[in-house]
Each structure stands twice: as C-alpha cells, then as structure tokens.
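Student: I have a chain on screen and would like to go through it with you. Can we start with how far to trust the model?

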Amino acid sequence: MAGLIPGSEVDFVTILHRNRPKRLTTNVATKAEYAAPPYDSPNAPCEHHRHVQRRELTTRCYGHSLDSEWISMAFVCVFFLMLAAKGSAELCSTTQPACSQNCRQTSEGPECYCNEGFKLGKDEKTCEGPEPILVFCTLQEIRAMFLRTGQFFLIHSSIAKAASVDADPLESRVYWTEIDDKSSVYSSNLDGSDFSTVLNNCLKAPEGITVDYVGRILYLTDAGLRQILACKMDGSMCHILQNTTTDKLRAIAVDPPEGLLYWSDWGESTSGIYRSGMDGSRRIAMVSKDIKWPNGIAIDHASNRLYWSDAWLKTIEYITLDGETRKVLMEDKVYHPYSLAVFEDNLYWSDWNNFTLESSNKFTGHNRTIIVRENGKNIMGVHVYHPVLERQANNPCRGSSCSHICLIAPLNTYRCACPPGFTLGRNGRTCTVDSNYPMLLVNDESKIYHIRPETAGSIAVSELPLSRVDSIGSLAYDWKSKTLFVSDMKTPAIYAFNMTSLSRRELVRHHVVSPESLAFDPRSGNVYWVDSNKGTVEVVATTDSKHSVIVANLSKPMDIALVPEVGKMFVSTIGRSPSVWMYDMDGKNGKVLDATAGFPIALAVHPSADLLYWADPRMGTISSIDYTNSYSQPKIVREKIGNVTSIAVNDNFLYWTDSKHHVLHLVNHNESNSHTISLPGTKSGLVSRKLIYASVPKSSSFDLDCENNSGECGFLCLTSPIGYTCACPLGIQLSEDGKSCSEAVQKCPNEDFDCSNGRCILSSSKCDGTDDCGDNSDEIDCPPQNCPNNDFNCSNGRCILSSSKCDATDDCGDNSDEIGCPCEIYTCPVSGECISWSRVCDGKHDCGDLMDEGPLCASSCEGGNGSCAHKCQKTPQGSKCSCHEGYVLSEDGVSCLDECDTPGRCSHFCNRTKDGFKCSCAKGYVLETDQRTCKAAGGEAYLAYLLKDGIRGLSLETHSRQVYNSRNFVSVIGMGYDAAERTIFWADRKEKTINSYSVDSEQLEVLLATQQEPLLLRMDWMTRNIYYTNDEGSVVCCKGNGSFCTSVITNVSSRISGFDISPAFG
C-alpha cells in the first residue's frame, strides 16, 4: 500500500476491481480463502460509504474498530481519504484561496471558517466582524477612518512631525512617534482624549513603532540611534534589543503568540527583512536578496504572510512566514510605497509620490482604490485597528520575577532584560547598577541631575538626593572613590559628597569667594577650581584639605578643564581681554591661545583627541582647536546656539546646556542634527546650568605621578607634564630640593586683604560693616563713615552724592552704591553685571552673558499691559509687574494691594498719604522707631505664665525672669491678669476655687468657692469682673471680689476648649 499512495495518477478503484480481492475468512491460519466482494461497479465501495460521517469513516478506515471483514475495504477507504485530503490541501493552499481567512477539509470538501470575533458571510467564504478603523498619520496630525462607512475623524494633532503609528487593541489606545530635535512617543485614546507623553528622552529618529499587547512592551526602531528598543508601556525604561549590524531601520511588527519580531532595514549593506525573537534572540534575515529600500511591513496571520513595500524597486511583495514562498504582488504600479497594513482581504499602503493612501486585494493586487489624497502632504504611518487583531496568547511574563523588563521569547518562554547602565545578575532576573557606566551630571542652582545619555525612558534622568547646598555652582567627580564635589556659591564653600552613603564633608570653606568651576585630577587626587572674584586658580588635596593658589591675577576666570594624561590645564577668562589660557597643571608656563578669540564662557577637552572645545554665547558658537599644534586654526563645531552656559564632550557626543531651555543638548560628532534630553522640574526663565561628563579615567602612563610619590612632597603634590611637582601654600617658597617648603610671610593674591586667621578676602570687603574674615579683623581700624550733607557712605570709606546711589554706575569703586537696588537695576545672571532697566529688552546685548535679551522680550507687556494691574517691565523672562507708590505687589505677581490693606503693615492703624502710608497707634501706645510697630506706654511689659510649680513672669524687653508665687498648680488650667491692680487670677479645678495673687503685696486670697469645676478664666479690665467656664459647659461672670456670680451662658458645650473676652467691643 505504501507503494501505491505516492502515485499521482493511479485509478486506485479500477486496480482494486481488476484484482478482485477475495473475502478473508475468520478461521484462516496459514492460507486465505478469497471471495469477490458484492460490488457491481468499480466505484461502489466509496459510494456505499458516502452516508458515513467523516469521523466514523476515519475511524473505520484506520482500522481500530473495523466492523467489516473486507481487507479490501480498508484499502479503498485509505485511498479515498488520502487523495481527498491531498486534493483539499492543494485547494486551501493555492495562491488564490476561496476562503478569506481559514480553510479546512470535510467529507464534503473544503470549508471556510473565521477567526474569533468574525462570522462567515452569506457567500460562505468571506469573514465579517465589527467595523475596522484605519489609523494613519501625516506629519501634522493623527487621523482615522471607519473602513466600512468611510467616515473620517481626527485623533490628535502632532506636536512636531509624526512618523509612525500603531494601536493597542487591549486598551484601545493609539501610540505614535514624532521626529525632531526632541523626538518623542505619544499616546491617546482613539477619540484623542487622555493624551500623554510616553517617551521624550534619548530618541533621535524613531521611525517605527509596534505594540506587544500581551507582554505590554513598546518596540521601536530608531534609525538615528541604529537601535531597536523594547520599552515599558509607561516609558519608564527601555532595553536595547538590537544595535549590531543595523543601519537604516524603518518599520517593525510583532507577533506575540509566536514570540517573534520582524523589522525592515534599508541600509546600503544591511538592506532586508529580518526576524528575531521578541527578546532579541534567534535573529535571521528572512529577505536579503533582490531588495533595496524596504519600507513598511505588515503581518497577515490569515494567510501566514509578511508583506513589505520597496520604494526603490517600486514593488509590494510578500513572503510566507515559514520563508518558503516569496512573490511580487505589485510592480511598477506603486511609486514610493512607504507604510503598510493588512486586514481581511485588503492591503493598505501610503505612497509618497502620489501623496495618497491606497488599497487593493491582498491576493491579486487588483481592485486598487485611492482612499485619501493629501495634496502635498506625505502620509506616514498606516495601521488597522480592530479588536480581533488581539490574537489569544499566553503571557509567559505574567509569572516572572524580572526586576526591570520582561520580554516574551519564542516557544512560550521569556527573558529578563535591563536598561543601559545596568547589568543582569547571575540569577537572570535582577538588574543592578553598573558602577563603571559613564554618566552625565547637570545642575542648576538648586538641583543636580544624573543622566544616562544612552538610556531611553524616564529612568535616563534622575535627581540626586543631595541637600544642604544653598546655591550649587559647579561639579567635579572622583570615579575611584565615588565622590562628587560641589561648589556652593552662597556660603561659599566646596563640599565632598560620598555617592554611596550620601554623607557630606566640608572640603574648603575659608579660602573661597566665588568658586565658578571645578575639575578633578585622578592622578593626584586634587580638586582644582577657578575663583572668578579673586581671579585665581586654586587647588586642594581631597585627603587632607591642603590648599594652594597656583595662578593669580586673572581677569574673571569662568571655567577650567584638565588633561591629566599630559599634565595640562585650560582656563577661560571673560574680564579684560577675554581669552583661553593653557598652563601646566602646577600653574607654570602659562600662555594665551591666540586662536581662541571671543567670549569663552565654557571649556571641555576631548578624551582621546588633542582637541579643546569652548563655547561663546555672544557668537552663539561652540568651537574646537588642536591644542598641541600652534598653527592649528579653530573650527566652528556648532553655531546659532545662543545663551550656552556649559559644554562637555566624550568620544561620541558633544553636549551643552543653555540658560533658556530646561534640556540637555547633544549631537554625534559625525552628524549635524542635534537632539535633546528633557530635564525634570518646572524651571523657567534664564537659569545658569553646568554639566560634566564622568567616566572611568584612563590608566596613567607615568610612574612618576602623585599617586605613587605624594609622600615625597612636604605639602602638596601636583600633576605636571614631567609627572609631578611639589607646591607650597601661598606666600611660602618651595625649597631648593623641590620638595619641602621654606618659611615665609603668607600674602594674599591680587592685593586682597589678609585676615588675621589666614583667610584671604576681597579688599573691597574690608570696612564694609560685615565680618567677612570670620574674626572681625577686616572691620578693625576702619575710617569714620560720616559723610557730610547726607552724602552716601561707601563701604570702602568714600563719600559720594546721594543722587549717585542706585544709578547703575559704580561710583564708590566697590559697587556698594549699587547694592540693594532691585527695583532700579537689572543684574546679569551669569556675569553679575548691573545695568539699568532701560537697557533690558532694548534689542541690544548689554550683559556680558547676553542674558538681558531673550525670546520673551518681544511678547512681554503685551495683551493688556502683560496682565499687570499697574506698571509692566519687559524682561527676558517675560512681563515683570510693579505697583505705584502706596501699593505693593500681591502674591499672584500681577495685582496690586493698597499698602494699608496688607496684613502686618502697621501694628494698629494705617493712614494713606500722598507718598504711601503712615502708621499710628491707639491711645496708651507709642510708635516705635521703625514707624510701624506700636509699643504700650507706661513702663515695661511682662508675660505671665503658669507652670506646675508656680506662677512666673518674663520681661518682654530684657527677657529677665521672675517667680511670682510658688505652689502646686497641677490642677490649674485658666489664668487672668488685672494690669491696673497688678493682680493675677486663676481657677483651681481640684479645689473648685477662684484665687487671686497681688504682685505688689504678695497676698494670696481665695475669692470664691464654686459648685462645679472651674476651668478657663479671663479678667475684664474695664469692669473688674471675672469670667470663667465650668465642666457643665457654662460661662459664669463674678464680681472681682467674688461677692456675686451669675451664669451668662449655660450648657453651651459639653466641654469648652477655648475661651476669651473683648471688653473694648463688649
């Protein structure tokens, strides 16, 4: 029989009839008795069994319970079923099947059936279900159309430029990607409600998106990053799934029930259609030949096909999911096909050449129809939404214990994954922080953010939990000890934070005035900084805080960058003749880099190339130069990036911050388009932000460095081009041996003032009325401050005309005449200059840091006086409101309140005047020297109070204490005082008495005994009556001598917890 089955043209019934097999008797042992079967025609055996059901026929034919004794019947039935199945299989697998979804064989022939959620139509071939929705996007908006009724509706307008779209059938939400300098992923309900930003960090060109509706993962292709990302649905974190042998990634599709992922790549050497597990495993190239620019892809599970479009070949093709059959569906009928979708019997695609969204039959390519024509607008992503597309599948991640991300894998398995910067532990489930992973740190004056620049998701940016820094200036990082150094511009000081324990220690405090920029040297373990006010470069040892000034007399230094590998450092100055200096790291051999002209506010050094970068906010540029080549010319790396405040660089990227935008900018060295990473918080206005790039330092090529020879130096060891040199404190000379320090008188640089305790302060701080030294030595032997004719006394002792104060000009020479003038002048945020308000938002840059102009200047004070009630001033931060004389600005920042209506303006009475207001006091009170506070006349005031062991008093002027009476007052709650008679009254709850004590005569007296427990007590100073409450909830009034009492309020409460009287108002 096995030999007969393969025969494709054998008439098995004729052969059977011709051979006429005999009947096999039941008692045959060694030979058989044959008899002819009772059939009249060759087809009789099969005709005889047509009434038998398919299941019964199968059972009978395959012989487990044969009720026929005819062996020939078994042969006939087997042949019948084999060939019938063979014929139906050929029918169900033809390239033009009769069924729109599924086909199966029955005894009557092929039968069509539908997937869950569909029902078979009247033609018994077509499957029908709920109305599908075609979702598509242009650059400007995300739209949709009901496929059966043709009704269009807007889902949401794009924020920038929409690129691709997909839908989650589980939650009926739409997800789409947008590409610009801040590429993002957004989401909303189908009706556009509940809009949210899912991902907006570390994406460059996310051209494809697909939803794993089972494992709850978003898969993205990013052509800019050349990566496939697997992200949590909330955008909290992403795992890099593919980043090798990938180039120009485009479309992506997912098959959760099978655990498979498909994508297209149109790179020159990587062009093809690829497949892998949804966990990134088992990667193969499904199509790699005769393919050029594959764009959109779409999976059709009904026909087990993968469709794709090729914009170069102008084709739409398909391949079966098993990779066995490939066929061109349309050729030269499409011109620039981009995105694809398939549903039921139709294929949908967008064509950039025609600006159309079209459809055709998915089997033949016929019935081509233009659905939408956008007239000059490219249709980007295309997707069909229908609940039936949510194929039933088990979620192997449901029971997983992955700490961060769980990815579905083939064969109903899963794999735990980690975001960049984390490593998967040996247990295969837990992700831990990779301590050697590079990081960026960005700070403003109050926050420090840790950024993982290659990590997408909100986890890429986190705020460091550091506190106790009043005004953060700049940062430096020691990778070896995991220590973060932070300068405090307000204190001022430099702190060292242990990033493991978050403990803080004070590294430097008494030698700093304005630590503008920090840098750490891993070879010596020293921290360098520039002090912009002192004009110095200084260094401190992190182990013992030994400190020295290595460069002085600089004009407003702003930034410092170190190159420990060669012992060089760079310092930028923005004062007189702004320039960039290059020194040895011991402060010697300084020279100006003439090619670095401009206003160099920030510096950075390339870690592996001999390149120095600097930023110029006035020119709006970032430039670089080869610092080892004296003939090198500067190269502009970035331009038109105004208000830059800080830069950093690594082998792959250039980073920068500016004062306007709450973001980190970054650009690949080999690319022109930059993108951004959003920083958390709600900072607005112009803010100075600094950043540093921290990575594991390179190993030193020197044996003669400070790490190995610090003990050779008597005071401080510094890195230098020759390995190391020794240094001494300021004013102390290095001995001839080059290691020890000789005795000398210490002097401060730049003719600064030498405090008695060794601290150096600015000379302008001497005799300013403030203890700047800490030992008051700067306020000793100061000249008299009495200037004639009410002239202004300058802090340095000079006298100037009063009219010269707050005129935006430094008339004193120490700027003390311009201090405390917030309403008259504008302070430049970075450079610290003061200019008049008339020069702010005037279209010209007057501040050295360019921050007196900004994009909000143009719109300030427009639209109803900028919403200000009185006066409006244009500023780079927007409208600034102020008020006329006699009014103050309210908390809302726009409305003005009468000064007399402001609580606390006057103690008693506020009287409006022409120039503002004037306070006055009630009778018996006098106005204090502050002209606002009222003080009781007639002598010193005392505060009387009760303790358990007596009645005591406190002088409100001298704060001296006095004991009036000592006894047990445990059960006393209420107390009153008669100021005229200087008598104290109290209620004793336990004794049920009202008592008095004369302060002058020291006489104690029981005034009356009560029936109920007296609680709270008050004295009416006008009628000399006593009021008290009792435990029945009543208020009782008695004469001052206790002779007569009456209840004025009865049973007002079960327990009165508060009680007072106001005799003046009755």
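Tutor: The chain has a mean pLDDT of 83, and 85% of its residues reach 70 or more. pLDDT is the predictor's confidence in each residue, from 0 to 100. This is a predicted model: local features need pLDDT of at least 70, side-chain atom pairs count only at pLDDT 80 or more, and totals for chains, interfaces and linings use all residues. Residues are numbered from 1 along each chain as its sequence is written, and side-chain values use heavy atoms, with hydrogens and water left out.

Student: Where does pLDDT stay under 50?

Tutor: Over residues 1-90. For that stretch the model has 77 contacts beyond four places in sequence, a contact being heavy atoms within 4.5 Å.

Student: How many helices and strands are in the chain?

Tutor: Five helices and 83 strands. Both are DSSP runs numbered from the N terminus: helices are H or I with at least four residues, strands are E with at least two.

Student: And what share of the chain is buried?

Tutor: Buried residues are 48% of the 1066 in the chain. Buried means under 20% relative accessible area, exposed over 50%, partly exposed in between, with a 1.4 Å probe and protein chains only.

Student: Let's do sheets. What is the strand order in the one with β28?

Tutor: β7-β6-β5-β28, an open sheet of four strands with antiparallel pairing. Two strands pair if DSSP finds at least two bridges between them.

Student: Why is one side of β7 and of β28 without a neighbour?

Tutor: β7 (152-157) and β28 (379-385) are at the edges and have a single partner strand each, so one side of each has no neighbour in the sheet. From one strand to the next, the twist averages 20°. Such angles run from 0 to 180 degrees between N-to-C directions, with axes as lines fitted to C-alpha atoms, for helices over the stretch in contact.

Student: How many bridges join β5 and β6?

Tutor: Five, between residues 133-138 of β5 and 141-146 of β6, in the antiparallel sense. Leu 134 stands opposite Met 145 in β6.

Student: What about the sheet with β80?

Tutor: That open sheet also has four strands, in the order β80-β81-β82-β83, with antiparallel pairing. Its edge strands, β80 (1014-1019) and β83 (1045-1049), each pair on one side only. The twist there averages 30° from one strand to the next. Inside it, β81 (residues 1026-1030) and β82 (residues 1035-1038) share four bridges, and Ile 1026 faces Cys 1038 in β82.

Student: Switching to cores. Which residues touch the most other members of the largest nonpolar core?

Tutor: Val 185, Leu 218, Leu 220, Ile 451, Tyr 655 and Leu 664, out of 29 residues. A nonpolar core is a set of buried Ala, Val, Leu, Ile, Met, Phe, Trp, Tyr and Cys residues joined through side-chain atoms within 4.5 Å. Elements giving two or more residues include β13 (217-222) and β53 (653-658). Domain 2 (133-389) and domain 3 (439-640 + 682-694) both contribute, so the core lies between them; domain bounds come from an automatic or database domain assignment.

Student: What does Leu 220 touch?

Tutor: Among others, Val 185, Leu 199, Ile 228 and Ile 252, not counting residues up to four places away in sequence. Apart from that core lies another of 27 residues, including Trp 263 and Cys 431.

Student: Is Cys 431 buried or exposed?

Tutor: Buried, because its relative accessibility is 8%. Cys 431 lies in strand β32 (residues 431-433). Cys 418 is 13 residues away from Cys 431 in sequence and 5.9 Å away in space, C-alpha to C-alpha.
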